[in-house]
Amino acid sequence: MIEVNNISFKYAGQKNLVFDDFSLELKQDNIYGLLGKNGTGKSTLLYLIAGLLRPKKGTVSFDGIETKLRKPETLQDIFIVPEEFDLPAMTLDEYVKINRPFYPLFSTTVLEGCLKDFELTSDVKLNALSMGQKKKVFMAFALATNTKVLLMDEPTNGLDIPSKSQFRKVVTQYMTGDRTLIISTHQVHDVEQLLDHILILSPQKLLLNASVAEITEKYTFEYRTPDNMEDALYAEPSLQGNAVIAPRKEGYAETQVNLELLFNAVNEGKI
Amino acid sequence: MIQFNLCRFGKLVKWMLQGDKRYLIKSFLQVLVVMLLIFIFFTILINTTGDDPHGYKSCGIAAFAMVVVNLVLGPALMFYSMEGKHDMQALMLLPASNFEKYLVRHLNWILTLILATLAFFAADVLQYLIHLVLGHDYVRFVGSVIVNDMIGPIASSRYASEAFRPRFIASMTVLVIWFQSLYAIGATLIRTRKFSWVFTTVFIILLGFLVYKIQGYVEAIQLNDHSSAGDYAIGFGFYLVWAMINYCLSYRFFCRTQVISKFVNF
């Protein structure tokens with residue numbers, strides 16, 4: 001569906017390449033979590049997928065068409081919610097009226113449902129909203145476009161505590177069918193229950209590219225006492241004891257992924 | 001391959017009009033106020049003498065100069081209404097073709113020019129009414145001054161020659177298109193949208209020196225009334241082809257636009 005083939009990319013005026021001969025394949029009907037330290041190229045990768053940036057070498061294509069060409073057929077199937085954005089000085093109704101004709105699968109039902117969950121109305125003035133409210137409105141619009149690919153850069157930044165659970169609710173409810181969502185975030189606890197697949201980036205390369213099912217099948221995430229650490233692959237002290245990643249033993253139940261622990265383990269090279 | 005769909009372009013025009021509504025209204029009001037102030041300044045506040053006793057000719061010159069500058073500089077302002085990278089991002093991500101988006105940005109400056117012309121007429125009517133209220137018997141429309149006192153004498157002089165008039169009008173048209181094409185390149189190449197016209201003007205001045213130097217040796221690029229019909233045709237074609245190449249380049253730069261901050265859009 002989305003193929004990133006041997007791309008190289010660097011920002012003008014910078015010495016280091018953000019990506020060098022980087023490849024990745026993303027399949028439909030998945031919610032991907034894109035994780036990485038600051039400056040590893042998470043947002044850059046989203047912009048490259050959306051066609052807002054152009055790789056120096058290699059190709060990024062969606063259903064076989066290069067996204068940098070920004071063809072209407074491609075753009076009506078890709079929507080990005082950037083970390084920072086501006087909305088025009090108009091009401092949401094007006095915004096929807098001028099933008100929805102570009103998205104053939106746009107659903108008013110989804111929009112209304114999302115707005116209801118986010119406790120917003122469609123007559124809000126976009127330029128009078130707080131950043132968190134703007135984000136909720138834009139995410140509601142993004143979900144309503146029903147594009148095959150939805151890219152979200154730090155979607156929970158700026159959201160208050162109830163809004164974070166509202167966000168999880170709307171994503172679970174409306175990311176249905178053959179849609180793919182790629183969430184780039186540092187707020188791992190906000191999204192860990194949503195994800196089907198984890199991608200961890202380090203400068204220029206992919207450290208981990210595995211489905212949650214594969215991870216939970218292979219590893220166990222639990223809290224242990226210090227005298228029970230013999231098979232631990234990675235451990236961190238915590239208030240509940242040591243947070244541990246260990247190989248999952250046969251016959252043992254699968255545990256829920258502790259994304260923060262997994263991220264640290266991968267970055268330390270323990271997995 | 002260039003993609004164009006009339007229905008989608010119509011949607012894009014609506015999108016642009018709605019998004020730029022405030023900018024267009026603001027532009028109209030700005031020109032209206034500036035024009036009105038200029039008209040009042042020349043016809044009421046200062047005393048002009050000689051062949052322009054009531055200041056109307058000065059108003060005409062000022063208005064005519066503004067129209068010419070707006071006409072020539074127009075394409076440099078094609079992204080002027082866009083606030084920054086977020087607006088560009090919204091445009092780039094809209095499901096329409098690059099060509100449709102490029103055309104709609106040209107439509108934006110053309111619309112601004114039309115609104116500026118309407119603002120000129122509105123300011124002219126307002127100054128007329130103000131003079132009537134003040135009881136001035138020398139009241140005139142600036143538009144009529146431009147037509148009768150400025151264009152009229154030119155039309156009745158050397159340019160009245162039946163043979164030369166079409167050549168003059170065609171030369172001016174092709175020169176305006178050529179200038180506009182250079183400003184179109186500036187608008188898509190230089191990322192500082194608000195000041196792309198400044199950098200392009202500097203470039204055009206430098207280019208002007210170069211063309212002036214070459215002109216002595218290459219007769220073919222002359223567009224004046226001394227050149228032979230053949231030379232004139234070559235010169236005309238030369239500027240037109242150059243302008244077309246500039247527009248193609250400008251479109252190519254637009255297609256390659258990225259949402260990262262750099263000085264030029266390569």
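These questions and answers walk through a predicted model with chains A and B.

Student: In what order do the six strands of the open sheet in chain A run?
Tutor: This sheet has mixed pairing. Its edge strands are S6 (78–81) and S10 (205–211) of chain A, and each pairs on one side only. Read across the sheet, the order is S6-S7-S8-S3-S9-S10.

Student: By what angle are neighbouring strands of this sheet turned against each other on average?
Tutor: Direction is ignored for this average. The value is 15°.

Student: Which helix of chain A packs on the sheet and touches S3, S9 and S10?
Tutor: Look at strand S3 (31–36), strand S9 (197–202) and S10 of chain A. The helix touching them has a direction that makes about 40° with that of S9(A). It spans residues 259–267 and is helix H9 of chain A.

Student: Do S6(A) and S7(A) pair in the parallel or antiparallel sense?
Tutor: Strands of a sheet pair through backbone hydrogen bonds, and both senses occur. Strand S7 covers residues 149–153 of chain A, and four bridges join it to S6(A). The sense is parallel.

Student: Which residue of S7(A) is the bridge partner of A:Val81?
Tutor: Start with another pair: A:Ile80 has A:Leu151 as its bridge partner in S7(A). For A:Val81, the partner in S7(A) is A:Met152.

Student: Are the residues on the two faces of S6(A) buried or exposed?
Tutor: On one side sit A:Ile78 and A:Ile80. On the other sit A:Phe79 and A:Val81. Both faces are covered, and these four residues are all buried.

Student: What span is expected for helix H6 of chain A at 1.5 Å a residue?
Tutor: H6 runs over residues 161–174 and has 14 residues. From first C-alpha to last it reaches 20 Å. That is close to the expected span, which is 20 Å.

Student: Why do the buried residues of H6(A) lie on the same side?
Tutor: The buried residues are A:Ser163, A:Lys164, A:Gln166, A:Phe167, A:Val170, A:Val171 and A:Tyr174. On the other side of H6(A), A:Ile161 and A:Thr172 are exposed.

Student: Is A:Glu119 buried or exposed?
Tutor: A:Glu119 is found in the loop between H4 and H5 of chain A. Its phi is near 60°, a positive value in a residue other than glycine. Exposed means over 50% relative accessible area. At 64% relative accessibility, A:Glu119 is therefore exposed.

Student: Where is A:Asp21 placed?
Tutor: A:Asp21 is not a glycine, yet its phi is positive, near 55°. Its place is in a strand covering residues 19–26 of chain A, strand S2.

Student: What is the order of the three strands in the other open sheet of chain A?
Tutor: The pairing here is antiparallel. Strands S11 (219–224) and S12 (234–238) of chain A are the edges, each pairing on one side only. The twist averages 20° from one strand to the next. The order is S11-S13-S12.

Student: Which residue of S13(A) stands opposite A:Thr220?
Tutor: S11(A) pairs with strand S13 (residues 241–247) of chain A over six bridges. Their sense is antiparallel. The residue opposite A:Thr220 is A:Ala246.

Student: How far apart are the end C-alpha atoms over residues 232–254 of chain B?
Tutor: An unreviewed UniProt entry lists this stretch among those under "transmembrane region". In the model it is 100% helix and 0% strand. The end C-alpha atoms are apart by 33 Å.

Student: What separates B:Val33 and B:Ala119 in space, C-alpha to C-alpha?
Tutor: B:Val33 has its place in helix H2 (residues 21–45) of chain B. At 46% relative accessibility it counts as partly exposed. In sequence, B:Val33 and B:Ala119 are 86 residues apart. In space, the separation is 8.5 Å.

Conventions: Residues are numbered from 1 along each chain as its sequence is written. Chains are lettered from A and ligands numbered from 1 in the order in which they are written. This is a predicted model: local features need pLDDT of at least 70, side-chain atom pairs count only at pLDDT 80 or more; totals for chains, interfaces and linings use all residues. Side-chain values use heavy atoms; hydrogens and water are left out. Two strands pair if DSSP finds at least two bridges between them. Axes are lines fitted to C-alpha atoms, for helices over the stretch in contact, and angles run from 0 to 180 degrees between N-to-C directions. Contact means heavy atoms within 4.5 Å. UniProt positions are given in the numbering used here, feature names are shortened, and annotations may be inferred rather than shown by experiment. The expected span of a helix is 1.5 Å times one less than its number of residues. Buried means under 20% relative accessible area, exposed over 50%, partly exposed in between (1.4 Å probe, protein chains only).
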